[in-house]
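Q: Hi! Could you walk me through this structure in plain words?

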Amino acid sequence: MTYGTADLGEIRDADAPGIGANTFLHREPDPAKVRQELAVLRAAGVGLIRQEFNWAEFEPLDPDEHPELGRDAWIKYDHIVEAARDTGIEILARLDRAPRWATPGFDPRENPWMQAPPADNAEFARFAGELAARYRGKVRYYQIWNEPNLFGEWGGRPPNPADYLAMLREVGGAIRETDPEARIVLAGLAPTIETGPENLSDLLFLRRLYLLGAKGDFDVAASMSYGLWTGPRDFLIDDQRVNFPRAVLWRDVMVAFGDSRTPVWATEYGWMSLPAGWTGDPGIWGNHPIEVQAAWTVDGIRRAREQWPWMPTIVIWASRWPEDLRPGDPTPYFRLMDKDFTPRPNLQAVREAFGGQVAAGVGLHQETNAAESYEGPWPRVPSDLASLTLQRQTGVAGAMLRFRFDGTDVGLLTRRGPDMGRVLARIDGQDALADALPRNPAGESILDLYAPRVEPLARIPIATRLPAGTHTLELTVLAESNPASSGGLVIVDGLLVGNARPTWPWLALGGLWAAVGALGLWTARTWLWARRTFEALSWSWTDRRVGPLRLGEAVLVVAAVLYAVLPAGGLVSAWTLIRMLLALGMGVLAVARLRDAALVAVAAIPFVGVIGRTGVFDRPVGEVLILAVVAAWIVRALWIGPPRLPPVRWLAAAAVFAAAGIVAAALADYPKFALRDLRTVILEPTAFFVVLISVLRDRDDVRRLAAALVAGAALAALVALVLIPFGAVVTEVFPPRVRGTFGSPNNLALVLERAAPLALALALAAGASTMVTGRCCWGWGRVASTRGFWLLALAVLLIVLILTWSRGAWLGALVGLAVAARPLWARVGFRRRVAAVGFSLAALAGIVLVTGVERIGHLLRIGDSGAVSRLAIWDSAWRMGLENWLFGVGPDNFLTHYREYMRPEAWREPNISHPHNLFLDGWVSMGAIGLAALTGVLVLFWWDWSRVRRDGAGGLDPLAFGLAGAMAAALVHGLVDHTYFLPELAATFWVLAAAVAALAAVGVARQRKADGSRNAGEAPT
């Protein structure tokens, strides 16, 4: 089994038709029926026939003595060849059946079920040369003899690989000399485990041919891949076992002798189905119900296409018996059709499965494969740099290649260089599915072939982990090349199709190891030395202060930064080893100081675009920290005991939300995208929420949580400013928009708008309390707890937010700041309120007067088509939701379905990844159950917030209003944009939920304590 496309090698003659049938057209006397049989086969997707060319028919007597004999045979075979050409079917000409005069001592008439090789190979070569000359350009493939490893096909003599190789070389040489384009096919070797003297194992025969130097004497190897007694998915492969996958052992022999480019064709293939009540010879080929025969015939072809790129062609045994069946003979019960052309179930199954357009299976397919179609000029030209010396190329904008394939991965074999152009790639008419390529601002997948130096045989992945099934790749040459390119040449040297390695075995293995590890940890907690080791992790030194941070937090921050900024490493690399050690260290620190690690993970949430690349696990540093924290929480739960869990109402809402996401992802049409979102925006954030609930013990912990979120966002904003000179700006629009480490300015703005209200809340609360006491680090511990520090952070957030030019984020931030400023608004008098409003209006008027109304409208993009487009997107999402109302289309599957529902007026934005509305997004992503759970979480948030407000000092606690402002900003902006379904937004959402739930729990505990004290004071003495 070959997974992916990286290890696919060149296979000659992979462009031959994928499905063939063995025919006996030479035994059909009616030429019209010959054409009828071929037409039936072609309609079923059969593109090749393996047809006997019986030497004894052409030359029944010595041609030197009777040259006139055999003339009718030539006419008959001429008709067969022409009929096949007219039908669009290739011929594999099987050359055997030597006439009696060529086999002294052996009379074929006395042995109708046997044949003998000629005494003189030169005579056979002469005949083959004449045949090749007559059919040059009409017949491409010639198979020399049949089953020479059986005594019955070798004149009743023991099989002799050396004698057969001599025949192969002389006859094949004569054909090649006459027709240099002809391809020589090795004789079909009968599958057997016998080792002589009568019959010789096909594997031993093949190995001996290679030992004798047969490599290069044939272009195609020919196995006989019958299933016999087992089905096509039989996974037992052994040299003592004769079954369908026995050809895998052929491939091993050929690779061992350095012949990896030669394909293996299954020139005889199928399962037998004898009629009910059969009393004749039971045969040695097995017997199965006719429905099973049909299903297995199709499934075996599919297995070869999925797993064996070296077996591009399978030839079914057999098409039709032209004569009446002989009673007691079981061999015709492999057939595809009856004598009167009535299709049997196996032919119907093949037609239903493969009778449409040709689709390529797994493998490296040359530029002539039948699954490819070209529009525009794509001449095929020779090149020493090309795979198998030929390639297609063009420099004409608009020239297109279409390629149908069965697989999950697809790539292009091409050439990169200083004169190469660009290509637009689409799969199934969608830009999003070509996800291995970079995208332009319009969301189109672009393949740029420019390189400073020539790179021949470049393998460029286009898409991975597509849904199983048939797909169509479209490559369109673009007019605009890379500015550094000196031309616009595009070369197609081959197309790569692979299947992704299934994930369920790894998930099952991972689950098993996790269960074993959990059981081991739980058992080891009783061991004295293990307990002492675990207790030693409670390092007191981590509680020391370093400015505003504890020392443990500072160490985690340094480790996280190093993990993110170290150079990229491969699978085996010093940088990868260092990253693994850093991740292990962060995990150990998380076990020792779970709360500190959780706060650092919160601060890392905005750095979703900063990825530590190891070649194995390339994930954002924030996600690595969240996973470390969740793992540490589990370890602590196993060793210390059950941690504090969220209130039942929160736990139920989170559990239903996660369950709905799992179901929606499992049913999604595009599981690759769905499973990624399931992990990053559903399971990981909800698990992190549970961890936060267990570590947020008091109000100060919640305040530190808010501070971590604001500090991370402010740092991300500062990084965005620093990266402006380095091109982290979108310049395709005016004014230029800052994006920082994010892929889009809007994504950066969505993070900043949520942090701004919390920054204001921390500034308002700073005058009443400090988070850090004592002197440390030149006073930074005190500075970080002052109002000025948080106002400075707020200023940075707002400045960068403005530079993103995200109108929705501006609105969300204004609403959020207004909510967060409610405590301040309540403290000032009436006159100050009026003055503040007047000052704001005057400032706004001044800006309009100085800038001009038209300029302001341009900057704000007032009057553009955004509103119309947004309404059209909502309508599309609504219709999508109605058709998939219960389970949705799956997480991150909106884009892959959007074009089915897109309205004409939304043509400017065909690549929308979400419906620009929180509730529509939740509905189409997770269905009605997921939307209900998400709504329930929001209800719980505001319910608990109302309780916190009632418990606050005068109902004006700045921290509570800061959390409310952050959520309000998200919801207001979420009516017209993203709110939840991005990793950083999902994590922030659950952080806010955990903070409010923790504040509510603190209030409940305080109230219970007060009630207990009051009751104790009233008790009689």
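**A chat about the structure**

A: The largest nonpolar core has 126 residues, and V602, F688, L692, L797, Y980 and W990 have the most contacts inside it. Helix 30, covering residues 983-1018, gives the most to this core, with 15 residues. Keep in mind that this is a predicted model.

Q: Okay, what does F688 touch?

A: Leaving out residues up to four places away in sequence, F688 touches A598, A601, V602, I605, I626, V629, V630 and V991.

Q: And what does the second core include?

A: That separate core has 88 residues, and A128, L131, L200 and F244 are among them.

Q: Let's zoom out. How many helices and strands are in the chain?

A: The chain has 30 helices and 26 strands.

Q: What box do the C-alpha atoms fill?

A: Along the principal axes, the box is roughly 130 × 75 × 50 Å.

Q: How many of the 1021 residues are buried, as a percentage?

A: Buried residues make up 52% of them.

Q: What about contacts in the chain with a separation of 6 or more: what share comes from residues 24 or more positions apart?

A: Those residues account for 77% of such contacts.

Q: Then at what angle do helix 5 and helix 6 pack?

A: Helix 5 (residues 161-178) and helix 6 (residues 202-211) pack at about 60 degrees, and their axes are 9 Å apart. The two helices are therefore oblique to each other. Helix 5 passes helix 6 in a right-handed crossing.

Q: Which residues make the contact?

A: Helix 5 brings P161, Y164 and L165, while helix 6 brings F205, R208 and L209. By class, the contact of helix 5 with helix 6 has five nonpolar residues, no polar ones and one charged one.

Q: While we're on helix 5, is G173 buried or partly exposed?

A: G173, which is found in helix 5, counts as partly exposed because its relative accessibility is 33%. G173 and I184 are eleven residues apart in sequence, and their C-alpha atoms are 9.0 Å apart in space.

Q: What about helix 10 and helix 15? How far apart are their axes?

A: The axes of helix 10 (residues 504-524) and helix 15 (residues 621-640) are 8 Å apart, and the helices pack at an angle of about 40 degrees. That makes helix 10 oblique to helix 15. Helix 10 passes helix 15 in a right-handed crossing.

Q: And which residues make that contact?

A: From helix 10 come A518, L521, W522 and A524, and from helix 15 come V635, L638 and W639. The contact of helix 10 with helix 15 has seven nonpolar residues, no polar ones and no charged ones.

Q: What is phi of L228?

A: Phi of L228 is near 55 degrees, a positive value in a residue other than glycine. L228 lies in the loop between strand 6 (221-226) and helix 7 (247-256). L228 counts as buried because its relative accessibility is 12%, and the cut-off for buried is under 20%.

Q: And L388, where does that lie?

A: L388 is in the loop between strand 11 (380-382) and strand 12 (390-394). Phi of L388 is near 55 degrees, again a positive value in a residue other than glycine. At 25% relative accessibility, L388 counts as partly exposed.

Q: Last one: where is F24?

A: F24 is in the loop between strand 1 (19-23) and helix 1 (31-43). F24 is buried, with a relative accessible area of 4%.

Q: What does F24 touch?

A: Not counting residues up to four places away in sequence, F24 touches Q51, E52, W317, A318, R320, W321 and P322. F24 and P322 are 298 residues apart along the chain, with their C-alpha atoms separated by 7.2 Å.

Terms used: Residues numbered from 1 in each chain as written. Predicted model: local features only at pLDDT ≥ 70, side-chain atom pairs only at ≥ 80, totals over all residues. Heavy atoms only, no water. Core = buried A, V, L, I, M, F, W, Y, C linked by side-chain atoms within 4.5 Å. Buried < 20%, exposed > 50% of the residue type's maximum accessible area, 1.4 Å probe, protein only. Helix = DSSP H or I, 4+ residues; strand = E, 2+ residues; numbered from the N terminus. Contact = heavy atoms within 4.5 Å. Axes fitted to C-alpha atoms, helices over the stretch in contact; angles between N-to-C directions. Parallel < 35°, antiparallel > 145°, perpendicular 65-115°, else oblique. Left-handed = near helix turned anticlockwise from the far one by under 90°. Nonpolar A, V, L, I, M, F, W, Y, C, P; charged D, E, K, R; others polar.
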